[in-house]
Amino acid sequence: MAYRLVSIFLAALLGCSLAFADDQADAPLPWNGKADKSTCPISSGAVWADYHSGQDCIRYFAAGNIEHAPVAVIVFGGDRHRAARMKPEEIRDNTVRKQQAIADRVARRLGLPVVIVARPGTYGSSGNHLRTRHIAEFLALDAALDAIKDRYRIERFVVYGHSGGATAGAALLTMGRTDISCAVLTSGAFALFERARILDEAKGRKPRDRENNPRYADLYDPLDHVDGIVRDPTRKIFVIGNEKDQVTPFDLQKMFADKVRQEGHQVQLVTHAAVGPAFHDLKDSIGLTTAASCARPGR
């Protein structure tokens with residue numbers, strides 16, 4: 001009788017928690033919020049990321065057989081600066097249910113465990129998304145990967161990032177991680193000051209002196225930190241882009257790949273078809289398919 005009562009109590013408790021989670025699943029996720037551990041949903045799709053210069057609540061959406069996975073695909077999306085200026089309820093797919101559905105679809109398609117990690121300031125992660133590519137963004141993601149790895153006992157990561165997400169993936173490599181077996185970096189932003197100068201020129205704007213501007217003092221350019229990548233003869237790095245890219249110039253992506261190769265790492269520079277007129281978003285989901293091939297032994 002006592003056992004039955006305990007079972008009924010636990011079932012009721014579980015039912016309440018599931019109902020609460022379901023109620024929250026369709027609520028708009030906050031953007032550009034402050035880190036607050038008391039409101040960070042650590043038990044349901046978030047980790048608390050502590051790093052030496054701060055802390056953040058980082059949301060993630062995991063799918064597939066993630067527990068004790070020998071390898072999991074980590075996905076970092078591109079910049080969402082336009083969305084970051086909108087009201088949360090106006091942002092497309094900005095709910096737990098929608099983001100989880102995306103993670104589920106990707107995991108089913110790849111046949112692999114997948115974790116979509118929301119970059120700081122986006123999809124429920126604390127931080128300021130309007131200050132992308134500053135050191136705090138990458139330190140928060142680095143700490144978040146540690147926490148996710150510990151939570152699910154994941155052995156290794158394949159990191160896939162697009163655009164600003166590719167810059168994030170590259171930054172994590174330069175921070176000395178030893179658990180990344182493969183990195184797929186599509187249309188990434190590198191040589192950040194030179195990129196800004198090129199974009200200013202292309203748009204007819206007066207060039208700004210960013211290098212001597214205190215606002216950009218903590219900008220983190222992976223190109224300047226390639227010497228931080230740990231040697232691993234088995235790791236593969238793919239830099240994939242389009243030569244006509246109007247957002248992240250391909251020459252600068254090549255510059256990063258060349259420097260990584262000069263440091264003795266295994267890197268492939270690949271050109272691929274992209275959607276015009278910006279030629280920034282690559283066709284055929286090449287980033288995901290490359291990441292999937294990386295994650296499967298013998299492929």
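**Exercise 1.** State whether Arg-133 is buried or exposed.

*Solution.* Step 1: Arg-133 has a relative accessible area of 7%, so this residue is buried. Buried means under 20% relative accessible area, exposed over 50% and partly exposed in between, with a 1.4 Å probe and protein chains only. Step 2: Arg-133 belongs to the loop between E4 and H4. Helices (H or I, at least four residues) and strands (E, at least two) are DSSP runs numbered from the N terminus. Step 3: the phi angle of Arg-133 is near 70 degrees, which is a positive value in a residue other than glycine.

The structure is a predicted model, in which local features need pLDDT of at least 70 and side-chain atom pairs count only at pLDDT 80 or more, while totals for chains, interfaces and linings use all residues. Residues are numbered from 1 along each chain as its sequence is written, and side-chain values use heavy atoms, with hydrogens and water left out.

**Exercise 2.** Identify the side chains with which the side chain of His-134 makes polar contacts.

*Solution.* Step 1: His-134 is located in the loop between strand E4 (114–117) and helix H4 (135–152). Step 2: His-134 counts as buried because its relative accessibility is 6%. Step 3: its side chain makes a polar contact with the side chain of Arg-131 at 3.1 Å, and another with the side chain of Asp-218 at 2.5 Å. A polar contact is a pair of N or O atoms within 3.5 Å; within protein, one must be able to donate a hydrogen and the other to accept it, and residues adjacent in sequence count only if both atoms are side-chain atoms. Step 4: leaving aside residues up to four places away in sequence, His-134 touches Arg-215, Tyr-216, Asp-218, Leu-219 and Tyr-220. Contact here means heavy atoms within 4.5 Å.

**Exercise 3.** Describe how H4 and helix H5 pack.

*Solution.* Step 1: H4 and H5 (residues 164–174) pack at an angle of about 70 degrees, and their axes are 10 Å apart. Step 2: H4 is therefore roughly perpendicular to H5. Axes are lines fitted to C-alpha atoms, for helices over the stretch in contact, and angles run from 0 to 180 degrees between N-to-C directions; 65 to 115 degrees counts as roughly perpendicular, under 35 as roughly parallel, over 145 as roughly antiparallel and the rest as oblique. Step 3: H4 contributes Phe-138, Leu-141, Asp-142 and Leu-145 to the contact, and H5 contributes Thr-167, Ala-168, Ala-171 and Leu-172. Step 4: these contact residues divide into 6 nonpolar, 1 polar and 1 charged. Ala, Val, Leu, Ile, Met, Phe, Trp, Tyr, Cys and Pro count as nonpolar, Asp, Glu, Lys and Arg as charged, and the others, Gly among them, as polar. Step 5: an α-helix has 3.6 residues a turn, so residues three or four places apart point the same way.

**Exercise 4.** Find the residue whose side chain makes a polar contact with the side chain of Asp-56.

*Solution.* Step 1: Asp-56 is part of strand E2 (residues 54–63). Step 2: with a relative accessible area of 7%, Asp-56 is buried. Step 3: residues touched by Asp-56, not counting those up to four places away in sequence, include Ala-35, Trp-48, Ser-126 and Ala-140. Step 4: the partner is Ser-126, whose side chain makes a polar contact with that of Asp-56 at 2.5 Å.

**Exercise 5.** List the elements included in what covers the buried residues of helix H8.

*Solution.* Step 1: H8 (residues 286–295) is mostly covered, as 7 of its 10 residues are buried. Step 2: the buried residues are Ile-286, Gly-287, Leu-288, Thr-290, Ala-291, Ala-292 and Ala-295. Step 3: the cover includes helix H3 (96–110) and the strands E3 (71–76), E5 (156–162), E6 (180–186) and E7 (236–241). Step 4: strand E3 contains Ile-74, which counts as buried at 0% relative accessibility. Step 5: among the residues that Ile-74 touches are Val-115, Val-117, Leu-145 and Phe-157.

**Exercise 6.** State which peptide bond, that from Gly-276 to Pro-277, is cis or trans, and give the phi angle of Ser-187.

*Solution.* Step 1: the bond from Gly-276 to Pro-277 is cis, with omega near 5 degrees. Step 2: Pro-277 lies in the loop between strand E8 (267–271) and H8. Step 3: Ser-187 has phi near 50 degrees, a positive value in a residue other than glycine. Step 4: Ser-187 is in the loop between E6 and helix H6 (192–202), and its relative accessible area of 0% makes this residue buried.
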